[in-house]
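Here is a short tour for anyone opening this structure for the first time. Have a look around, then read on.

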There are 2 protein chains.
Amino acid sequence: MEIKSAVVALSGGLDSATVLGEAISRLGIKNVLSVGFYYGSKHNAFENVAAENVADYYGVPFNLIDLSETFKGFSSNLLLSGGEIPEGHYEDKNMSLTVVPGRNIIFASILAGYAWSMGKNSIWLGIHAGDHFIYEDCRPAFYKQMNEAIKAGTGNRVSLYAPFIDDTKVGILRRGLELGVPYELTRTCYKNSPIACGKCGSCQERRAAWESLAKEDPTVYEYTGPLFEKSV
Amino acid sequence: MEIKSAVVALSGGLDSATVLGEAISRLGIKNVLSVGFYYGSKHNAFENVAAENVADYYGVPFNLIDLSETFKGFSSNLLLSGGEIPEGHYEDKNMSLTVVPGRNIIFASILAGYAWSMGKNSIWLGIHAGDHFIYEDCRPAFYKQMNEAIKAGTGNRVSLYAPFIDDTKVGILRRGLELGVPYELTRTCYKNSPIACGKCGSCQERRAAWESLAKEDPTVYEYTGPLFEKSV
């Protein structure tokens with residue numbers, strides 16, 4: 001099934017902004033739509049604004065879908081209803097506190113129905129190798145099966161594509177810098193604060209990627225001290 | 001993966017009420033939860049009430065999730081935003097006007113995340129052989145792939161089960177009558193009216209099932225004339 005058009009899941013973070021840049025560069029701006037979700041996470045208010053700014057920068061439509069009612073009974077420290085956001089290395093075990101049960105299954109499903117409704121034949125997600133350790137619904141096995149489920153459930157009208165599924169955050173950033181993705185507009189931190197903390201797993205992974213390429217991250221962080229070591 | 005507990009998708013129709021009866025009879029009432037969706041369909045207000053009544057009858061918790069924001073941009077005559085509900089045989093081609101793009105993909109995904117959050121290890125859907133002709137996301141190929149996607153995405157915490165996937169509506173009704181399902185509380189009609197029309201594909205299929213078993217449907221229909229023939 002040749003991909004001709006796309007609905008991109010745009011969280012407002014580094015990965016999804018790069019996916020949007022990639023989709024536009026491959027398919028042309030007229031064939032791309034973007035969708036964000038408000039689902040009651042601590043950083044939603046900030047990341048939704050970032051996503052809208054990134055979409056505006058590119059000039060693609062952005063549809064924000066309110067799922068706060070859906071996720072009301074769900075348990076996760078990522079949500080406003082949950083406990084503290086853990087700090088530390090992004091592959092530490094306590095990062096599993098930030099798992100939102102079934103989040104990407106749900107996002108992918110809604111995107112598939114929306115793409116079908118809007119006459120777009122693929123949905124793009126920013127899942128990547130760095131997500132695999134903690135998040136089951138970011139792993140290649142899930143991606144492959146979910147693609148088959150979506151194809152079957154939409155009568156082959158829509159497929160799922162994750163351009164960076166085998167890439168690291170560093171690889172995504174390298175590609176995004178080539179594409180000129182406006183990273184100054186993105187938001188990565190998981191915490192409920194306008195300034196990125198620099199200490200949560202999400203900030204740590206982002207900072208590590210920029211350090212690894214010896215480039216300067218335009219994000220302002222509250223904590224700019226050394227990156228955390230991975231706990232045993 | 002042995003099924004020990006269930007979240008049942010409860011639309012308030014004949015199929016899902018039977019699925020709930022089946023789940024309770026196999027797993028015990030303490031291990032069963034039910035979930036309904038408000039997604040902006042013409043019959044939602046009526047079917048959601050029916051679902052709640054069925055859940056109350058059995059004494060199982062019922063969680064109604066509001067997805068009207070999610071389905072706002074979707075195209076379907078089933079929705080309040082769409083055109084007329086078609087009348088005729090339930091396998092007529094014009095019944096595809098009632099397809100809601102990706103509906104069961106989305107429902108299954110949300111149920112999976114909810115089941116994980118609530119510590120239940122399966123989700124049950126009422127899809128059956130009579131749905132296969134019109135609805136791609138009711139076919140065995142979809143069901144099989146979606147189950148794999150959910151298992152992968154939840155780390156094998158949750159699986160998808162459709163007890164009547166290979167059954168007809170007649171088979172479901174026969175089983176439900178054995179189980180004593182309170183069909184007088186259910187609602188099947190697709191139209192935006194408190195009295196079932198008797199003419200939409202959904203009413204026609206239900207009426208045909210009762211006729212086929214020579215039993216009296218407790219539903220009051222506006223039109224009680226002969227069932228429609230299938231168009232060529």
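## A residue to start from

Keep in mind that this is a predicted model.

The largest nonpolar core has 133 residues, and the ones that touch the most other members are Leu111(A), Ile123(A), Leu111(B) and Ile123(B). As a general point, nonpolar side chains tend to be buried together in soluble globular proteins.

## Chain A as a whole

Chain A is built from six helices and five strands. If you walk along the sequence, they come in the pattern β-α-β-α-β-α-β-α-β-α-α.

How does the overall shape work out? A compact globule of 232 residues would have a radius of gyration near 17 Å, and chain A agrees, because its own value is 17 Å. Along the principal axes, the C-alpha atoms of chain A fill a box of roughly 50 × 40 × 30 Å. Of the 232 residues in chain A, 54% count as buried. Looking at contacts in chain A with a separation of 6 or more, 72% of them come from residues 24 or more positions apart.

## The sheet, seen in chain B

Now hop over to chain B. Five strands make an open sheet there, in the order S3-S2-S1-S4-S5, and their pairing is parallel. At the edges sit strand S3 (62-66) and strand S5 (159-161) of chain B, each pairing on one side only. From one strand to the next, the twist averages 25 degrees. Strand S4 (residues 122-124) of chain B runs parallel to S5(B), and three bridges join the two. As for Ser122(B), its bridge partner in S5(B) is Ser159(B).

Helix H2 (residues 44-58) of chain B lies across strand S2 (32-38) and S3 of chain B, at about 170 degrees to S2(B). Helix H3 (residues 103-118) of chain B lies across strand S1 (6-9), S2, S3, S4 and S5 of chain B, and runs at about 150 degrees to S1(B).

## Where the two chains meet

How many residues does each chain put into the contact? Chain B gives 35 residues and chain A gives 35 residues. On the side of chain B that touches chain A, the elements giving two or more residues are S3, H3 and helix H4 (140-153) of chain B. H3(B) gives the most, with eleven residues.

## A lysine in helix H4

One last stop is Lys151(A), which you'll find in helix H4 (residues 140-153) of chain A. Is Lys151(A) buried or exposed? Lys151(A) is buried, because 20 other C-beta atoms lie within 10 Å, and 20 is enough to count as buried.

Apart from neighbours within four places in sequence, Lys151(A) is in contact with Asn156(A) and Ser159(A). Lys151(A) and Ala112(A) are 39 residues apart in sequence, while their C-alpha atoms are 9.1 Å apart in space.

Methods
Residues are numbered from 1 along each chain as its sequence is written. Chains are lettered from A and ligands numbered from 1 in the order in which they are written. This is a predicted model: local features need pLDDT of at least 70, side-chain atom pairs count only at pLDDT 80 or more; totals for chains, interfaces and linings use all residues. A nonpolar core is a set of buried Ala, Val, Leu, Ile, Met, Phe, Trp, Tyr and Cys residues joined through C-beta atoms within 7 Å. A residue is buried if 20 or more other C-beta atoms lie within 10 Å of its own, exposed if 12 or fewer, and partly exposed in between; C-beta atoms are placed from the backbone. Helices (H or I, at least four residues) and strands (E, at least two) are DSSP runs, numbered from the N terminus. The radius of gyration is taken over C-alpha atoms; the globule rule is 2.2 Å times the number of residues to the power 0.38. Two residues are in contact if their C-beta atoms, placed from the backbone, lie within 7 Å. Two strands pair if DSSP finds at least two bridges between them. Axes are lines fitted to C-alpha atoms, for helices over the stretch in contact, and angles run from 0 to 180 degrees between N-to-C directions.
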